[in-house]
Amino acid sequence: MPKNIAVYPGTFDPITNGHTDLIERGARLFDKVVVAVAYSPSKRPALPLEMRIDLARRILAHLDNVEVIGFSCLLTELLEQQNARIILRGLRAVSDFEYELQLANMNRAQAPHVDSLFLTPELQNSYISSTIVREISRHGGDVSRLVHPLVDKTLARHFSATDDDTATS
């Protein structure tokens, strides 16, 4: 019997409690969830790809049916490689819907057998975005309630090192 596999793509720059919430819920719905960390240089991620993959793997290690990988191909190609037919995506607010619908329709046009499933995060995670977390952390703010402690420490070190590099140049 084929496995019911979902791919949850994103830059995860950084992975937040909102992401973790959706992944844990997805892990209950599917036989396997592939967390696909996008290379995505056009988004200019603050954290290198390998660091984003490592953080996600360590934070999600308690989930036996979750695999974390990096990717730089088309999402529909990745789905084919993973034998997956479901794209798992999160919707925080109505403002996310239009963009996500456009992506879902484009993916369906490229791969008609692929479906997108949208989950909403728990209320306490509904306002968290990686962009906001990065900006707060970059300016020395407290993100400890928004991310796993490992991410909090990593961001503090990363932005401290970046500030040190900027000060010495």
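1. Helix H2 (residues 49-59) lies across strands E2 and E3 and runs at about 175° to E3. Helices (H or I, at least four residues) and strands (E, at least two) are DSSP runs, numbered from the N terminus. Axes are lines fitted to C-alpha atoms, for helices over the stretch in contact, and angles run from 0 to 180 degrees between N-to-C directions. Helix H4 (residues 94-110) also packs on the sheet, where it touches strand E4 (86-90) and E5, and its direction makes about 170° with that of E4. Contact means heavy atoms within 4.5 Å.

2. This is a predicted model, in which local features need pLDDT of at least 70 and side-chain atom pairs count only at pLDDT 80 or more, while totals for chains, interfaces and linings use all residues. Residues are numbered from 1 along each chain as its sequence is written, and side-chain values use heavy atoms, with hydrogens and water left out.

3. The sheet is open and has five strands in the order E3-E2-E1-E4-E5, with parallel pairing. Strands E3 (66-71) and E5 (115-119) stand at the edges with a single partner strand each, so one side of each has no neighbour in the sheet. Neighbouring strands are turned by 30° against each other on average, direction ignored. Two strands pair if DSSP finds at least two bridges between them.

4. Strand E2 (residues 32-38) runs parallel to E3 and is joined to it by six bridges. Ala-38 has Phe-71 in E3 as its bridge partner.

5. Thr-154 sits in helix H6 (residues 149-168). Its relative accessibility is 8%, so Thr-154 counts as buried (under 20% relative accessible area; exposed is over 50%, partly exposed in between; 1.4 Å probe, protein chains only). Leaving aside residues up to four places away in sequence, Thr-154 touches Met-51 and Leu-55. The C-alpha atoms of Thr-154 and Met-51 are 9.1 Å apart, although 103 residues separate the two along the chain.

6. The protein chain has six helices and five strands, which follow the pattern β-α-β-α-β-α-β-α-β-α-α along the sequence. Among contacts between residues at least 6 apart in sequence, 75% join residues at least 24 apart.

7. Buried residues make up 47% of the 169 residues.
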